Amino acid sequence: MSPLVDGLSYVLSLSHFPFLVIGVAGGIVVGALPGLTGSVGIILLLPFLYYLEPATALIMLSGMFCGAIYGGSISAILISTPGTPSAAATVLDGYPLAQKGEAGKAIGVATIASTTGGIISTLCMIFISPQLARFALKFGPEEYFALMVFGLTVIASVSGRSLVKGLISGFFGLLIASIGIDELTGYARFSFDVPNLMTGFPMLPVLIGMFAVSQIFMELGNVGKKLQRYDQKIKGVFPTWKEFKSLITVIIPASFLGTFIGIIPGTGGAIASFMAYNETRRFSKDPDSFGKGNLAGVAAPEAANNGTTGGAMVPLLTLGIPGDVVTAVMLGALLLIGVRPGPLLFQQNPQIINALFVGFMLAQFLILGLGLAGVKVFPRILKVPISILFPVIFALCFLGSFSLNNSIYDMLVALLFGVIGYFMRKHGFPAAPMILGVILGPLAERELGKALIMSHGDWSTLVRSPIALFFYGISILSVSYSLLRLRRSKQKGK
Amino acid sequence: MIASEIVFGAVFMLLSIFFFAMTFTFPEITIALSPTVFPRFVTVCLFLLSSLLLIQGIRKQRKQQPAERREKIERVYLLRFILLAAAGFLYTRLIRYTGYVVATPLFIAAAMLVFAEKKWYRIILISVGTTAVLYLVFRMVFRVPLPRFGLW
């Protein structure tokens, strides 16, 4: 029980617990505000994290991650606009419930479902991660390189509607990653004798620019549009005991489904929540009531999308590969605060892992508490005009970019990537693949270099390990699945 | 109107050619993996993908009927984008000379105006208030040496 006690005493201490609360509360607000997603929230949090202990920073990040996934449901229910992509399925029944005057109950059910999903997925994370980490200790550079290749195939699944544009965005990210000093030889590639380019583009301003600043530019398109708001009075947060008993039979399987989906890289909350919604409707005695305000239609996707949080942390923590966009940004965040995810983290820094596990679990209870207590405040959050919100965030983006290296050049980098990101997103190039390229590119190259050093330059070493071959195999499967899904959705579109 | 795929295809194509050519200027130093390998692989893939995008764009262009123009909306949007980006750029120049405390409220006020904020009291309150809060947190708590004017 000692790790649990260690974790609890760390997280619950007065100098750490407030950061978890701020993380979760901030996550809920960020998730609830349309236009701001979990990724943007994590990026905006980064400049603050840099000044905290790694374990504290990690629990704050986890709070933000879980809170944002839950927060997305609030705007989905109240104004039919999912705050995050993973809350898209919640709109289907959440909004009709709000229109019937049952917004309070819908948010209450979403809160209970999210908490349950989160708790189940955290338990799975706690039990699965150490086992997987132990297995991953056997990995050498060859296996890690194969793993990074697999991580990069996630690009295909986050490419959106055009695979070509997604891949271009990903390779553009890889190209940007190759600017600066080559770790093996020390040669400054593509630096054009500009001193600032010698070390390459700093990761934090690139992330801030691509995700947050470009989003601010995108929001200019909403200037002059009427802000959607929910003006009815919210009452009755809790479902009846009878409703609760029938909902729990939906929530628990959806939570496990979400966790399972979360563990598979290349998936994420949006897929899990739609799958859970469809399955719940299929097994329902009254499938026709879905889409018209069925509480189970809110419970299932919310349990599933928060279920993915703990699941997605498994490959991230044990293998160092992100499962989706948010975890890719999490990986970038972890590297910036000096935590290198992977099996060694479990061996060398067990106190960080203990704190993370306990922090993740407590975050779920905080979601329950803050979610139920804040029901009446949520409609007010949605009333913040964009003319206040985004200028303030822009100022924070600049300050965040500056603060890491105390450099005005970094502010310019954020602005430059904001402009690039804006043009790319406006023309259908998703930002997520580029970020994956920027983060995973250098890691993949480093592992390849190490593998080749150990094999004295023999490239065949890459395909000699059965574990590496396994990862190449599932990389091919992952890309094929994405292609198939894209084709199907195009056929449906026709 | 030229399809955006053609423009982006051409831009990425030129970019990949330029960076590929640049790899030939790298010195011949190899420790297991030459510094040219990774960039060359990436630029070749980028070139192939951008050619594909260019072809897609040309096909789309042929099929496309003269598009209905929502030019007025687009023009206002573009103007706002240019103004906001310019405000951001000027901010990074100004902060060097006037320091954080002077440049930031001006930038926030400018951004609020671009976002069509009309109430002047809000502009003053938010721009000054946000600057004060951020200054307190980053300068006083985190001890970040923010750029400053001689007197601050």
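Guide: Welcome! In this predicted model, a residue is buried under 20% relative accessible area, exposed over 50%, and partly exposed in between.

Visitor: Does that make Arg122(B) buried, exposed or partly exposed?
Guide: Arg122(B) has a relative accessibility of 23%.

Visitor: Which side chain meets Arg122(B) in a salt bridge?
Guide: A salt bridge here needs a Lys or Arg side-chain nitrogen within 4 Å of a carboxyl oxygen of Asp or Glu. Arg122(B) has such a contact at 3.1 Å, N to O.

Visitor: Where are the two ends of the salt bridge between Lys165(A) and Glu5(B)?
Guide: The closest N and O atoms of Lys165(A) and Glu5(B) are 3.1 Å apart. This pair crosses between chains: Lys165(A) is in helix H8 (residues 163–177) of chain A, and Glu5(B) is in helix H1 of chain B.

Visitor: Why does Lys165(A) count as buried?
Guide: Buried means under 20% relative accessible area. Lys165(A) counts as buried because its relative accessibility is 9%.

Visitor: Which residues are linked with Lys165(A) in a network of salt bridges?
Guide: Glu5(B), the partner in the 3.1 Å pair, is one of them. The network has a further member from chain B. The residues linked with Lys165(A) are therefore Glu5(B) and Lys60(B).

Visitor: How many residues apart are Arg189(A) and Glu445(A)?
Guide: These two buried residues form a salt bridge, with the closest N and O atoms 2.9 Å apart. The pair links distant parts of the chain, from strand E2 (residues 188–189) to helix H19 (residues 431–454) of chain A. Arg189(A) and Glu445(A) are separated by 256 residues.

Visitor: How many salt bridges are there over all chains?
Guide: The pairs described above are among them, including Arg189(A) with Glu445(A). Counting by the 4 Å rule, the number over all chains is nine.

Visitor: Which helix supplies the largest share of the nonpolar patch?
Guide: The patch of about 460 Å² is made by Leu14(B), Ile17(B), Val44(B), Phe47(B) and Leu48(B). Helices H1 (4–22) and H2 (37–63) of chain B each supply at least two residues. The largest share, three residues, comes from H2(B).

Visitor: Is Leu48(B) buried or exposed?
Guide: Leu48(B) sits in helix H2 of chain B. Its relative accessibility is 55%, and the exposed class begins over 50%. So Leu48(B) counts as exposed.

How values were computed. Residues are numbered from 1 along each chain as its sequence is written. Chains are lettered from A and ligands numbered from 1 in the order in which they are written. This is a predicted model: local features need pLDDT of at least 70, side-chain atom pairs count only at pLDDT 80 or more; totals for chains, interfaces and linings use all residues. Side-chain values use heavy atoms; hydrogens and water are left out. Patches are made of residues with over 30% relative accessible area and no salt bridge: like charges are joined within 9 Å, nonpolar side chains (Val, Leu, Ile, Met, Phe, Trp, Tyr) within 5 Å. Accessible areas come from the Shrake-Rupley method with a 1.4 Å probe; for residues, only the protein chains shown count as cover. Helices (H or I, at least four residues) and strands (E, at least two) are DSSP runs, numbered from the N terminus. Buried means under 20% relative accessible area, exposed over 50%, partly exposed in between (1.4 Å probe, protein chains only).
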